[in-house]
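Welcome! Here is a short tour of one protein chain, meant to be read with the viewer open beside it.

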Amino acid sequence: MTLADFHRIRTRRDFLDRCLGGLGVASLAHLLSIEGRTAATDPGTSNSLAPRKPHFEAPAKNVIFLFQAGAPSQMDLFDPKPGLRKWHGKSLPESLTRDLELAFVKPSAKVMASPRVFKRHGESGIEICDWLPHTAEVVDDICLIRSMYSDAFNHHPGQSLLMSGHTLMGRPTLGAWVTYGLGSESRDLPGFVVLSSGRGTSGGASNWSSGFMPSTYQGVVFRGSGDPILYLSNPGGVDRKMQRADLDALRALNEERYRTTGDREIASRIASYELAFRMQAAAPGLLDFSDEPAHIREMYGIDEELTKPYGTNCLLARRMVERGVRFVMLAHASWDDHSNLNKRLEKNCGITDKPAAALIRDLKQRGLLDSTLVVWGGEFGRTPMAEIRRPEEVEKAGRDHHPKGYSMWLAGGGIKGGQVIGKTDEVGLSIVEDKIGIHDLQATILHCLGFDHTRLTYRHLGRDFRLTDVGGNVVRKMLA
C-alpha cells in the first residue's frame, strides 16, 4: 500500500473518531483511579493494610471484641429482675406476651426467677451478679447496656447481624470494616486476628469473613498453643532461604497474572504469602510468656486449669494490640443454655470472668485502655420463662432465645465508664428506656474509631454498602 492509498482510506474524521475513543477510555481509567476504584498497577507497591487516617480524630485505635457466642442470660448476670419472683412457676399474662417471637418455648411457658444474688459495686454502684466477682471489681470502667435489641432470634442470623449488619451471610464483618477503614499498624501480624475457646460459634468463619471485600481484610484464626497458625513452621529440609526463593518465583507468576487481569484477589494472595513469611519470625514470640511477670500470669489465670484457655487468649489480645494489631476477636462458646442453665452459666462465668477483668486492668495500667475499645456480649439474650425439655427434668431448666432487651458492656476507647444505659420492664420482656439496636452499637463503635458510619462505604455490584446498612445512630450517652 502506498501513502496515497493510505490517505484515501483513512480520513481525518475517522482518525479522530478512533483516537478520541481511546482517549475517553484513558480518561475514564484516570478518574476511576483517583476515586480508588481501580486495582493498583503494581501489587508489590500496594499495601491494603497500610495505616490510614479516619474521618476525624478519635480516642480508639484498636478493638478487642469479647464475643460471648450463644447468648448469655442477662437477667442472671447484669440485669436483676426481682419482680420475676412473684411470677415464678406461673405464666405471664397474654397482654405481655402477645407479640413475642420465641425459638422453642411457647409464650405461655412458666416463669423462672433468677436465683442469683446481685450487689452494688464500685463508686458507680452498678449491680452485678455474684458469679462475676472480678468484673464487679472493674465496674467503674465499663458502660453497661441493659437495653440491647436485635431483629434476629436464632443464633446464626443473630451472629451475622451483630458482626456484619445483616442477617444473611456474605457481607464484610466488623473486624473487616475496621481494618478496611484504618489499615493496621503491624507489619508482621494480620490486621484482624481471631482467637477461639469453648465449643465453637454457630456462625463459624462467617463471623470474621471479609465478605465481598478483598480477603486481606478477613480475620486470621490463631491458636493458643503450638504453632499460632497451622502449618506456620517449615517442613523438614526447607530452610528460610529456600522458602524465600519459592515465594519469589510464585510472586513473579502471580504478578504476571495480576497485570493481565487486575484481579484484586491476586494482590491479596501475594500480600498473604508475604505476611505469612514475616509471621514465621514474629508470631511464635506471641506465645512466649516468659517475659510476663508472675503477677500478670496470675491475674489472667494462665496457670489455672479452668481459666487457662480464655486467660491465654485475653493476654494474647493485649500483646497483639501492643504490636499494632487493629482488631482482635475472642470468640467463646457456648452460652446457649436451653437446659442446665445454672450449671453451665456458672462454668462459663468461671472461665471468662477473671481473664476479662484482668484484660481491663492490664490495659489500663499500661496506658492502653484509652486507645483500645473493649466490647463484651453475644448475639441476643434469654427469656424470663423457663425452657424445660423433659417434664421430669425441671431442675435442669434453661432459657430460650430473647432478642428484645438484653445486656452488653463496653470499656475504654472513648466510652464513658461507670454507668448503666437503658432499662427493661420488671420481667425483662421489653425495653422501656433507651432502646439500642445492633446498627446503633455498630455506629457507636465506628464513631469511637473516628468514622462517620454513613461515609465508611465499599462499592460492590454497582452500589455502596456500609456496615450499618440503612440505619444506625451513634449513642451519645455512651461516649466519654
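The buried residues of α7 are Leu174, Gly175, Ala176, Trp177, Val178, Thr179, Gly181 and Leu182. That makes 8 of the 9 residues in this helix, which spans residues 174-182 and is mostly covered. Just past the end of α7, Gly183 adopts a positive phi of about 70°. Please keep in mind as you look around that this is a predicted model.

Helix α6, residues 155-164, is also mostly covered, with 8 of its 10 residues buried. Its buried residues are His155, Gly158, Gln159, Ser160, Leu161, Leu162, Met163 and Ser164. What lies over them? The cover includes the strands β1 (62-69), β7, β9 and β10 (398-402), together with the helices α7 and α13 (438-448). Directly after α6 comes Gly165, which has a positive phi of about 85°.

Gly203 sits in the loop between β5 (192-198) and β6 (220-222). Is Gly203 buried or exposed? Its relative accessibility is 9%, so Gly203 counts as buried.

Setting aside neighbours within four places in sequence, Gly203 is in contact with His156 and Gln159. Its C-alpha atom is 6.9 Å from that of Ser160, although 43 residues separate Gly203 and Ser160 along the chain.

## The whole chain

Stepping back, the protein chain has 13 helices and 17 strands. It contains 480 residues, and 51% of them are buried. Among contacts between residues at least 6 apart in sequence, 79% join residues at least 24 apart. The chain exposes about 22,300 Å², and carbon and sulfur atoms supply 52% of that area.

In soluble globular proteins, nonpolar side chains tend to be buried together. In this model, the largest nonpolar core has 55 residues, and those with the most contacts inside it are Ile64, Leu66, Leu77, Tyr300, Leu330 and Trp409. Helix α12 gives the most to this core, contributing 10 residues. Apart from it lies another core, made up of 51 residues, among them Leu161, Met163, Phe192 and Leu441.

Leaving out neighbours within four places in sequence, its contacts are Ala317, Val321, Val328, Leu330, Leu359, Leu363, Thr372, Leu373, Val374 and Val375.

## Salt bridges

Side chains of opposite charge can pair when their charged atoms come close. How many salt bridges does the structure hold? There are 25. One of them joins Lys354 to Glu304, with the closest N and O atoms 2.6 Å apart. Lys354 belongs to helix α12 (residues 341-365) and Glu304 to the loop between α10 (294-300) and α11 (308-322), so the pair ties together parts that are 50 residues apart in sequence. Lys354 counts as buried because its relative accessibility is 12%, whereas Glu304, at 33%, is partly exposed.

Another bridge connects the side chains of Arg382 and Asp336, at 3.2 Å from N to O. This pair links distant parts of the chain, 46 residues apart: Arg382 is in strand β9 (residues 381-387), and Asp336 is in the loop between β7 (327-333) and α12. Both Arg382 and Asp336 are buried. Glu393 and Arg390 form a further salt bridge, their closest N and O atoms being 3.6 Å apart. Here Glu393 is partly exposed, at 21% relative accessibility, and Arg390 is partly exposed too, at 45%. Elsewhere, Asp291, Glu292, Arg318, Arg319, Glu322, Asp362 and Arg366 are linked in a salt-bridge network.

Which residue of β10 is the bridge partner of Ala386? It is Arg399.

Why is β10 described as largely enclosed by the rest of the structure? In this strand, 5 of the 5 residues are buried, so the rest of the structure largely encloses β10.

Terms used:
Residues numbered from 1 in each chain as written. Predicted model: local features only at pLDDT ≥ 70, side-chain atom pairs only at ≥ 80, totals over all residues. Heavy atoms only, no water. Buried < 20%, exposed > 50% of the residue type's maximum accessible area, 1.4 Å probe, protein only. Helix = DSSP H or I, 4+ residues; strand = E, 2+ residues; numbered from the N terminus. Salt bridge = Lys/Arg side-chain N within 4 Å of Asp/Glu carboxyl O. Core = buried A, V, L, I, M, F, W, Y, C linked by side-chain atoms within 4.5 Å. Contact = heavy atoms within 4.5 Å. Areas by Shrake-Rupley, 256 points an atom, 1.4 Å probe, with all protein chains shown as cover. Pairing = 2+ DSSP bridges.
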